[in-house]
Amino acid sequence: MELPFAESWKIKMVEPIRKSTREEREQWLKECDYNVFMLKSEQVYIDCITDSGTGAMSDRQWAAMMMGDESYAGARSFFNLKETITRITGFEYVLPTHQGRAAENVLFSYLVHEGDIIPGNSHFDTTKGHIESRKAFAVDCTIDEAKDTQLEHPFKGNVDINKLEKVLKEQGDKVPFVIVTITNNTAGGQPVSMQNLREVNVLCEKYKKPLIFDSARFAENAYFIKTREEGYADKTIKEIAREMFDLADGMTMSSKKDGLVNMGGFIATRHKDWYEGAKGFCICFEGFVTYGGMNGRDMDALAVGLDENTEFDMLETRIRQVQYLASKLDEYGIPYQRPVGGHAIFLDADKILTEVPKEEFPAQMLTVELYREAGIRGCEIGYILADRDPVTRENRFGGLDFLRLCIARRVYTNNHMDVIAAAIKNVYDRRHEVKRGLKIVWEAPLLRHFTVKLAPAGE
C-alpha cells in the first residue's frame, strides 16, 4: 500500500484562533466599510488575505535570530545574508530593504523616470504603483491563455514574446528595463517556464534592455519548472533557481514570501553601476547599505529561510496543501484559475457572482460574502486593485476579477482547508441570491484597494 502524503515538518508551537458569530461579522463588515484590510486580526478565523510575512519560521530560523549582529555598519548578519543570496542567485551586489515594495522604491528611484514604459507580465499592485507614481507606464505582455481561467496551461504566467517585441520595437527608446514576475501573482499565482525566460532574455539582448525579476516567489516558480517542464525533473530547486537568475540582470524580492520571514526584502544585481546608483536611495529611504531597514537578527533568519525554501521537500509540502484545497473545490465544481498556482486559490468571481455587474466589483463582493459566511478573510485581486487608468481616470475593467485566498506557509492544517472549501461551497450554493455588489464611497488616488471605503450598491 502506498503511504499517504504528509508534511515534511512537525508542529512545535501553536497559537489560538477564535470563531465569531455571523451577527458579529455583519457588524464588523459595516465598521470596516466592507474593506477586509480594515478588520482586526482577532475578528478573523482563518486569514487568507496574504502569504506575505504570515508564515511560521523554523527552529533553525529562530536559532539564527539569537545570533543576530545588530551593528549599524558592517554587521556579520548582512554578510551571512549576502553570501546566501549570491550563492543562490549569482548576483554579487546586494542591498537589503525592509520589504519588497521598499526594494522597488529604491531601485525604481534610480531606474524609472517620467514617460518611461515598463513592459512585463501582469505587474503586481506595488510594482505598478511605483511605476505609475513616477508618471511612467506599466504595459502588460502576459500570454492570452492566462485570461481563460478554466484552460489547463502549465505556465500561464509566461510573457507573450510577440507582445513584448512589439513594445520594444515601437517604443524601445522609452523602455529602461523589462520586468518578469516569478510567479505571476496577478494572473493567479501562475509560473513562468524556463523556456519563456530564455526567450525573454534573448529579446532583451537583441534590443539591449536589462531584465529584472520580481522574485517574491521564485522558489515556487522553480518547483513548477521542476514538476512541469521537460528536462528539469532531476535538477534540484537550487540548480533551477540559479539557471533562472543567470538569465537576468537583477532582482527585487519581498522576502516575506519565499524567504519565510515576517519582514524583509532586498535588491540583488550583477551590475555595479546599479548598486552604486541605488545605494544612495537605500540610505535615504531605508538605512545604511548593510542593514537597509532590517534588523541583524532578521537578516540571519532570512539567510536560513532562503536556504530552507530552496529545498524540494519544503516546497512540496507547501504547494501540495494548496493543491489539496483546489481538489476540494473541484469536487464542488467551483471555478478558479486553473491549474492551481503555488501560493493561493484565485476564485473567478465573474463566474461565481454572475448577477453582480462589474461596476459593482464582484470579487470584492465575493470577499465580503466569504467573510460573512465563515470569518475567512481573502483579498480582492481584480477591478478595485486595478486602480484607475492614470490618464483617463476611468476604472480598469479589462483584467481578471479574482478573490485570492493565500495559504500561509507552515501555519494551517488540511482541516482548515476543509473549512475554507465548505465555506466557499456554501457561498457558491447561494450565489444567485447575491444580485448587487458594492460601490466606492472613498478611495486613494493610487493603490486604493488597501484603504478603500465601500458600501452596498443601491443604498
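## Search result

Searching the whole structure gives 2 cavities of 30 Å³ or more. A cavity here is a set of points, on a 1 Å grid over the protein atoms alone, where a 1.4 Å probe fits but cannot get out. Grid points are joined across faces, edges and corners, and a volume is the space filled by probe spheres set on the points.

The model is predicted: local features need pLDDT of at least 70, side-chain atom pairs count only at pLDDT 80 or more, and totals for chains, interfaces and linings use all residues. Residues are numbered from 1 along each chain as its sequence is written, and side-chain values use heavy atoms, with hydrogens and water left out.

## Largest cavity

The volume of the largest cavity is about 60 Å³. Its lining (residues with an atom within 4 Å of a point) consists of Asn35, Val36, Phe37, Gln364, Thr367, Gly378, Cys379, Glu380, Ile384 and His449. Helix H14 (362-374) and strand E11 (379-381) are the elements that give two or more residues to this lining. Helices (H or I, at least four residues) and strands (E, at least two) are DSSP runs, numbered from the N terminus.

By class, this lining has 4 nonpolar, 5 polar and 1 charged residues. Ala, Val, Leu, Ile, Met, Phe, Trp, Tyr, Cys and Pro count as nonpolar, Asp, Glu, Lys and Arg as charged, and the others, Gly among them, as polar.

## Second largest cavity

The second largest cavity holds about 30 Å³ of space. Its lining is made up of Thr84, Ile85, Ile88, Thr89, Phe218, Met251, Met253, Phe266 and Leu306. Two or more residues come from each of helix H3 (76-89) and strand E7 (250-254), and H3 gives the most, with 4 residues. The lining residues divide into 7 nonpolar and 2 polar, with no charged residues.

How values were computed
On a 1 Å grid over the protein atoms alone, a cavity is a set of points where a 1.4 Å probe fits but cannot get out, and a pocket is an open set with protein on both sides within 12 Å along at least five of seven lines; lining residues have an atom within 4 Å of a point.
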